[in-house]
Amino acid sequence: MRTDHPGHTSPTRRTVLGAGITAAGSGLLAACSSGGSSGRGSPGAPAARTPGRPVAPHGGEAGEARRPSAGPLRKHTLRATPSQVELGAGRTFRSWTYGGLLPGREMRVTAGDTLAVRLANDLPKATTVHWHGVAVPNDMDGVPGVTQAPVKPGETFDYRFTVPYPGTYWFHPHVGVQIDRGMYSPLIVDDPREPLEYDHEWIVMLDDWIDGVGGSTPDDVLDQLRRGKPAMGHGKRPEGPVEAGGGALAGTSFVEWTDDGKGPGRTPPPSPYGGKGPRRLMSGAASRLLGGHAGDVAYPYYLINGRTADDPTQFRARPGDRIRLRVINAGGESAFRVALGGHRMTITHSDGYPVRPYRTDALVIGMGERYDVLITAKSGVFPLVALAEGKRGRAMAVLRTGAGAVPEPSAHPVELDRKVLASARRLRPDESVALSRRGYDRLLKIKLTGGMKEYDWGIDHKPYDPGTLHRVERGERVRLVVINATDMWHPVHLHGHTYSLAGIDSHGARKDTTIVLPHRKLVADFDADSPGLWMLHCHNVYHSESGMMTTLAYRG
């Protein structure tokens, strides 16, 4: 059994819950270069906290600076490598990880710091890193063929950017279905003027696991879902970042490339139906909270911080301690319903941005979403349970503040069936991050289409096409309307921006990833304040790689 020790304690406490390669010529990406490059060098030092330094505001006004004055430089080397992972109870599987760890090692910086990360690719295939939810320059966004060339085996790539806003973030690959392996890590950005009061911090990473089990890989699962049809996500794309000047993609030479690390070449023939591993498809997964159909992949294991429920991690604290949980759903296809036995929780942040305190017993979190919650620890041993919503499986960790036996893997706290926050629409932003009230300049409508039977997920009845750009102009307030015309829920993620959930009389919580239920719609406002090519996609990796993604574009 693994033990998690009490985490970071802020040095200043005040009030509880207070209040690629750049495109040539006039190309779109040239306006937002930050020095990404390929090269080799020595690993950097781990990040350290620097309290008391001014922080860029959690802003949203058009034209605001996305890169505040550079703070201390925090260097890291991130090594993507094949690894043996142990999930608990002696279960070991071959997978791909960051540095041989599951999850990867936490990166922690303070808002305003400059983060320099050298990605070293020891994998047999090309990869990239996407900094999920972080306001990065476009050429640091990690989308192969859109913002950078894929990093081939044996090569390195330097990511370097200022981290402007505090919050709970994470990073993962953006190539194929690699996210459903073991490559994910938390990125925690501390606020030097932290208003919350708490004693410990507990990072909770949720995952659904299939890689290596019985010979399965995520690529086999995609083959089974697609019945051997080729992937439609990033299968055809430019070798480097696209050029958006002078027409949709004028001057861009398209090639076919695979993620085998050999660069341009012929796309391999479709795999036969069923892939190479055992059948991993499921039927009958249903959830009222998700509007019906819950998912299609029968994962053999569900994890909290890389461990199964029968051999969980334990977080140790004392009765009366206030604990901040940073909950991140790093899964590939599963939403989770999360509750801590014997405790209520107060939600303080959603996707890194503060909200007005919201009391609940449990919450539903989709892939890519993050929630920060506060709890006051009682005396005893308590299960932190993450139900795979609609799939009957579960993950578990343990909060221990006293003596007692570890809860059974089947533990089902009553809180899971009490008050459940199933949608961030109930949340309201803290005044410090509320989007300013103004009318929108542009209305952008996008329809999610496709279905489970044919597994033909797309946007506006078409699979992903890098030549399709949804254009906006810098400085505009954009109203984004995403209509879910399918019979399944989708967690919709926008790169490079946070949006505000639009209400009838006010702006809602700031988000970058939101669950959109079947035959419902997401209405969100954002300010076009960071030029580039930005992906909008479903964060169910099997949906996005089947074609449910598109691109927003604007110049500097």
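Colleague: In S3, what is the bridge partner of threonine 81?
Modeller: Threonine 97 in S3 is the bridge partner. This is a predicted model, where local features need pLDDT of at least 70, side-chain atom pairs count only at pLDDT 80 or more, and totals for chains, interfaces and linings use all residues. Residues are numbered from 1 along each chain as its sequence is written, and side-chain values use heavy atoms, with hydrogens and water left out.

Colleague: How do S2 and S3 pair?
Modeller: S2 and strand S3 (residues 91-98) are antiparallel, with eight bridges. Strands are DSSP runs of E, at least two residues, and helices are runs of H or I, at least four, numbered from the N terminus; two strands pair if DSSP finds at least two bridges between them.

Colleague: What about the turn of that hairpin?
Modeller: Two residues lie between S2 and S3, and alanine 89 in the turn has a positive phi of about 55°.

Colleague: And S2 with S5, parallel or antiparallel?
Modeller: Parallel: eight bridges join S2 (residues 73-88) to S5 (residues 114-121). Alanine 80 has asparagine 121 as its bridge partner in S5.

Colleague: Switching to salt bridges, how many are there?
Modeller: The count is 28, taking a side-chain nitrogen of Lys or Arg within 4 Å of a carboxyl oxygen of Asp or Glu.

Colleague: Which residue does aspartate 219 meet in a salt bridge?
Modeller: Arginine 181, at 3.3 Å, N to O. Arginine 181 is in the loop between S8 and S9 and aspartate 219 in helix H1, so the pair ties together parts 38 residues apart in sequence.

Colleague: Is arginine 181 buried or exposed?
Modeller: Buried, at 9% relative accessible area; buried means under 20%, exposed over 50%, partly exposed in between (1.4 Å probe, protein chains only). Aspartate 219 is partly exposed at 28%.
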